[in-house]
Structures are given as C-alpha cells and as structure tokens.
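Have the viewer ready as you read.

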Amino acid sequence: MFEYKITEECSIKCINAKGRIDSLSSSDIQKVFDEFMLSGERTFLVDMAAVNYVSSAGLRVFISTQKALKKVGGEIILSGVTGPVFEILKMSGLVMLFRMVADKDGIPELINKDAGEKEIIAREIDGIFIEYIETDERKPSPLFVAGNQDKTSGSSFTEDDIVLVRPSEMRFGCGLATLGDDYDEYKLLFGESMVVNNAFFFYPAVKRSCVDFLVNAHKNPDVAYKFFHGFGFNGNYRYVLSFQTKTDPADLPSIIRSFFKISHADVIGICMIAESNGLWGMHIKQVPIIDQKPANGKSIFDNENFSDWIDYPVEPSCTNNIVIATGIAVRDRQHLNPERAFLIPERSNFHIHGGIFDKAPICSNMADFDKELIRLFNECQVYKIQHILGLSKFSAGMAAIVEIEI
C-alpha cells in the first residue's frame, strides 16, 4: 500500500511517501511530479523514510523525472533513504543520479551550498514572488527604430520601404520582417518577427504558415533582416530574475508592473521565458504591400477588412506551452519620446512579441538564462510568432531586463 502527503521544507515542496512504490503506485507519484513541474517547481524533495520497497517500475518514474529536471537546472532530492531502498538504488547503479540527505534537517545546508556567493534578492510584489540578480551594468541601451509602420493600415508598403538590419546590429527586437535576397520571392513572406539574443524568428503572413528562424545569424556578415517596420535594442542585462505567482496566474501587465518595481528606469527592454496559463496573441494574416491593398480602399483594421487581415483571439490558447518573448515597456506613456509613441499600442504600456514553443518544463536558474534560451531554440519546436496581448497569463518563468535610454 502506498500513501503520501505534501508539505513544504525550507521553501521546497516535499512528498512524504509511505509504503511501496511499484507498478501499482508509480502512476500516483508520477502525477505529483508532473503537477509540481507544471506549476513551476524545479527542485523538490522526496522523503523516503517510510518507504520500504521500490520496484523497477517505481525507479523508472524517478529516473525520467530526474532527467527532465536536470535539463532545466532542477532535481529530485531524496531524504531518509532506508537501507533496503538504498541497496535497490545501488544495485541499479542510480546512487550517483540523486543527491541524498540523511533527513530533512540536511536541506538548509544543501540550499546554502548551492547558493554559493551569488547575491540573490527576493521580493514579493502583488502576489508575484520574484528572485533577482542585479548586474554591474549601468549604461542604458539606446532604442532604435527600423522603418515606419504608417503604411501598414493602408497596405501600401513597397520594395523602397524595406530597411536592412544586420544581425550584429540587433540583439533584441520586434517588427514585421522576413529573410531573403530577391524581393519578388520574399515580398509575400513578411510576418510577425522577433529577435531574441541575436536569434531571428518570423511567422510569414500566409495560409498554413509555419515559423522560420535563424540562430547565430550575427556570426554571418552576409545576412540581413528585411524590415518594413520594427525596433530593437542591444544593451546588456541590468537584472535577471525568476518569478512565480503565489496563487492564481498573473496577467502580463501585472508581471510588467512588478518589473518596474525592481528597475528604476522609465523604459525597459524585456526578454522573458515563461510557461503560459492561457495565451492571448494576435498576428497579421496578409502582407500589407501595395499589391494586396484592400479593394474597398479602407484600412486593413476597418471592420469590413479586419477578419481578413488580422488573426485576433476570442479565447485563450496554448496553455502550458513555453513562451519566449521580447519587447519594450514604459512605466508611463508620457515617458516615451513623442516621436516614438507609435511603438506602443494605445491603451497599453508595452509592445511584446512572443514565440509559442513546445509544452515542456523550463529552467528557473537565473544564472543559466542565456543557456536556457539556446537549449530551447535547439530542442523545442516553435509554432507561431505573435503580438502578446495583456490578457495572457503566466504563473512562472524567468526574465532579463535591459534598461533603455530615452
């Protein structure tokens, strides 16, 4: 017979197990592991003091979960492992796969050892628990604009409106862009785009579209992004943080407000990795070039044309998917240069594009933020690039903040 209860030890979730972990009970503990990971937990404890037997079926659950957690900087820690169970782990060659403590009293020492010399600041802001590292970066990044979005509404872009942006010139950015060498070949492949740590992603505005992307583009001097309009910034991170909501998921405006309570800047650049709890995203469905100008002569945003041009959500989607997003936010719209106010949609204080990736756990180790980006780019499929709207909700993730010069 198998029983368990969940407690919290030194801010770590703990499964207090009792009895046998075998083929009959392994699904129960697998369910708990999965729920922990989906809620953002990355390191958790299993108290094995009252476990008298573990079968190969039980071990398989521990092994698969441990491997998934290790990829994202987490782990299962075992405490109170009894002699018979330890022998099973030893015979299976798994002793080195898990860190073990004699009992729960050993957890604080393990946590302090892991923390090393990094100064991590913890705050709770409006129900969002944030841990962050403040870097030595003091120089704000300039914000630059590529092209002009005035011609979007009238679908009047031409080849003359294209702005070439070299990958080395844009570390982070958003816009309407594509890749290619021949305008006649790529003119119908413009779409929502984002640049994240020099990796370029775009979602062509065509039927049955799929994301195309180029990682490490900045290493190729012959590549140029083609923008009709967009913006970017190049600075180093001022803060790197992890966040987790205490109860219900937080909407994007609430998360951004919490960032402004950490940073004193009036404009910030954001790069975020998070697990969606319901995504609201929109994207353009046709390329707004003069060849495709609406026959009625009205704006593509007019009620008569809107549904043909814009994919706008009527309900949230992509629950539990990884979202990698980037863009800018302002503390108050009055802090944005009037000449650049068009970058932020009316009645909003942010402009963020996001890529929707596979459903998978993400790392919560701030020190590995850039490594996690690379891992996700290489291991996870990306399905869409969209404008991320304010109703989108997240319960856990990481973010890097670049302070922007105004």
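Predicted model: local features only at pLDDT ≥ 70, side-chain atom pairs only at ≥ 80, totals over all residues.

Residues are numbered from 1 along each chain as its sequence is written, and side-chain values use heavy atoms, with hydrogens and water left out.

## Overall shape

The protein has eight helices and 23 strands; these are DSSP runs numbered from the N terminus, with helices being H or I of at least four residues and strands E of at least two. Its radius of gyration is 24 Å, close to the 22 Å that the globule rule gives for 406 residues, so the protein is as compact as a globular protein of that length. That radius is taken over C-alpha atoms, and the rule is 2.2 Å times the number of residues to the power 0.38. The C-alpha trace spans about 80 × 45 × 40 Å along its principal axes.

How many of the 406 residues count as buried? The share is 50%, where buried means under 20% relative accessible area, exposed over 50%, and partly exposed in between (1.4 Å probe, protein chains only). The protein exposes about 19,200 Å², and carbon and sulfur atoms supply 49% of that area. Accessible areas come from the Shrake-Rupley method with a 1.4 Å probe; for residues, only the protein chains shown count as cover. Among contacts with a separation of 6 or more, 77% join residues 24 or more positions apart, a contact being heavy atoms within 4.5 Å.

## Cavities and a pocket

Rolling a probe the size of a water molecule over the atoms shows where empty space is left. On a 1 Å grid over the protein atoms alone, a cavity is a set of points where a 1.4 Å probe fits but cannot get out, a pocket is an open set with protein on both sides within 12 Å along at least five of seven lines, and lining residues have an atom within 4 Å of a point. Grid points are joined across faces, edges and corners, and a volume is the space filled by probe spheres set on the points.

The structure holds two cavities of 30 Å³ or more. The largest cavity has β3, α2 (56–71) and α3 (83–91) as the elements that give two or more residues to its lining. That lining consists of M48, V54, L59, F62, L78, V85, L89 and F98. The second largest cavity is lined by E137, R138, K139, P140, S141, G235, N236, R238, V402 and E403.

For the second largest pocket, 39 residues form the lining, and the closest to its centre are M282, F301, P345, H387 and L389. Strand β21 gives the largest share, four residues. Other strands that each supply at least two include β8 (141–147), β10 (172–178) and β14 (225–233).

The table sets the three spaces side by side, with Ala, Val, Leu, Ile, Met, Phe, Trp, Tyr, Cys and Pro counted as nonpolar, Asp, Glu, Lys and Arg as charged, and the others, Gly among them, as polar.

| Space | Volume | Lining by class |
|---|---|---|
| Largest cavity | about 50 Å³ | eight nonpolar, no polar, no charged |
| Second largest cavity | about 40 Å³ | two nonpolar, three polar, five charged |
| Second largest pocket | about 1,000 Å³ | 21 nonpolar, 14 polar, four charged |

## Single residues

M272 lies in strand β17 (residues 267–276) and is buried, with a relative accessible area of 4%. Beyond four places in sequence, M272 is in contact with F243, L252, I255, V323, I324, A325, F394, M398 and A399.

R42 sits in the loop between α1 (26–38) and β3 (43–54). Is R42 buried or exposed? R42 is buried, because its relative accessible area is 5%. Among the residues that R42 touches, not counting those up to four places away, are E75, E275 and C363.

T7, in strand β1 (residues 2–9), counts as partly exposed at 25% relative accessibility. T7 and L45 are 38 residues apart in sequence and 9.6 Å apart in space, C-alpha to C-alpha.

Now for two backbone angles. Most residues other than glycine have a negative phi. S155, in the loop between β8 and β9 (163–165), has a positive phi of about 50 degrees, and its relative accessible area of 0% makes S155 buried. R347 has a positive phi near 65 degrees; R347 lies in the loop between β20 (321–330) and β21 and is exposed, with a relative accessible area of 81%.
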